[in-house]
Amino acid sequence: MNAKERDEFLRQPNTAVLATVDAKGRPHAVPVWYLWTGEQFEMIGGKDSAKMRHIALNGRAALCVDKRGKGAFHVTAEGPCELGGPATREWRLELHSHYRGREAAEQVVAGGGHLTQRFIILRPERWYAWSSV
């Protein structure tokens, strides 16, 4: 997979797995939705969640995005990860629209869940990939 193909794949609404490490060195992996800007992954998460504590502690994470079934492959990005400010309604609407469509996103965002979330940004330093093809 070349960089252009990787970029096109990452711009699709794929669920990814964010991996962090806790204070005792134990891995923690959770499914997340993301937006790929072409340079960084943007995500949100609960302000007090385990992934937030681990990122604050270690400042690094890995994100694996995969395609399953026939022609299976995965792309994993690893690098510095930082916590940003509170999630905005506009950004959460963009994220949910990407995955669920605008109408469903409007309904979800109307509930105000973004008020308990904050931004996560991962800037890839290393890429890993595998393909069954």
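Me: What makes β1 and strand β5 count as paired?

Reply: Happy to start there! In this predicted model, β1 and β5 (residues 60-67) are joined antiparallel over four bridges. Pairing needs at least two bridges, so the two strands qualify. Within this pair, L18 stands opposite L63 in β5.

Me: What about β1 and strand β2, and how do you know that they pair?

Reply: Strand β2 covers residues 27-32 and runs antiparallel to β1 over six bridges; at least two are required, so they pair. Here A16 stands opposite V32 in β2. Five residues lie between the strands of this hairpin, where G25 takes a positive phi near 85°.

Me: Which side chains of β1 are buried?

Reply: Along β1 (residues 16-21), A16, L18 and T20 point to one face and are buried.

Me: How confident is the prediction for β1?

Reply: Among the elements of the protein, β1 has the highest mean pLDDT, 97. Strand β8 (residues 126-131) has the lowest, 88. The mean for the protein is 92, and 100% of its residues reach 70 or more.

Me: Which residues have the most contacts inside the largest nonpolar core?

Reply: They are L18, Y34, F41, M43, L63 and L122, in a core of 28 residues. The largest share of this core, four residues, comes from strand β6 (residues 73-86). As a general point, nonpolar side chains in soluble globular proteins tend to be buried together. L18 also has contacts beyond its neighbours within four places in sequence, including V30, V32, M43, L63 and L122.

Me: Why is the link between R68 and D66 called a salt bridge?

Reply: The closest N and O atoms of R68 and D66 are 2.7 Å apart. The cut-off is 4 Å, so this pair is a salt bridge. R68 is exposed, because its relative accessible area of 66% is over 50%. D66, at 25%, falls between the limits of 20% and 50%, so D66 is partly exposed.

Me: What makes E106 and R89 a salt bridge?

Reply: Their N to O distance is 3.3 Å, which is within 4 Å, so the pair qualifies. This one links distant parts of the chain: E106 is in helix α4 (residues 102-109) and R89 is in helix α3 (residues 89-100), 17 residues apart. Both are partly exposed, E106 with a relative accessible area of 29% and R89 with 33%.

Me: Which other salt bridge does E106 form?

Reply: E106 also forms one with R102, with the closest N and O atoms 3.2 Å apart. E106 and R102 are four residues apart in helix α4, so about one helical turn separates them. A search of the whole structure finds ten salt bridges, and a network of them links R60, E78, E125 and R126.

Me: How do you know that C64 is in no disulfide?

Reply: The structure holds zero disulfides. For C64, the nearest cysteine sulfur is that of C81, 15 Å away. A disulfide needs the sulfur atoms within 2.5 Å, so 15 Å is too far for a bond.

Me: Why is C81 called buried?

Reply: C81 has a relative accessible area of 6%, which is under 20%, so C81 is buried. C64, at 26%, lies between 20% and 50%, so C64 counts as partly exposed.

Methods:
Residues numbered from 1 in each chain as written. Predicted model: local features only at pLDDT ≥ 70, side-chain atom pairs only at ≥ 80, totals over all residues. Heavy atoms only, no water. Buried < 20%, exposed > 50% of the residue type's maximum accessible area, 1.4 Å probe, protein only. pLDDT = per-residue confidence, 0-100. Core = buried A, V, L, I, M, F, W, Y, C linked by side-chain atoms within 4.5 Å. Contact = heavy atoms within 4.5 Å. Salt bridge = Lys/Arg side-chain N within 4 Å of Asp/Glu carboxyl O.
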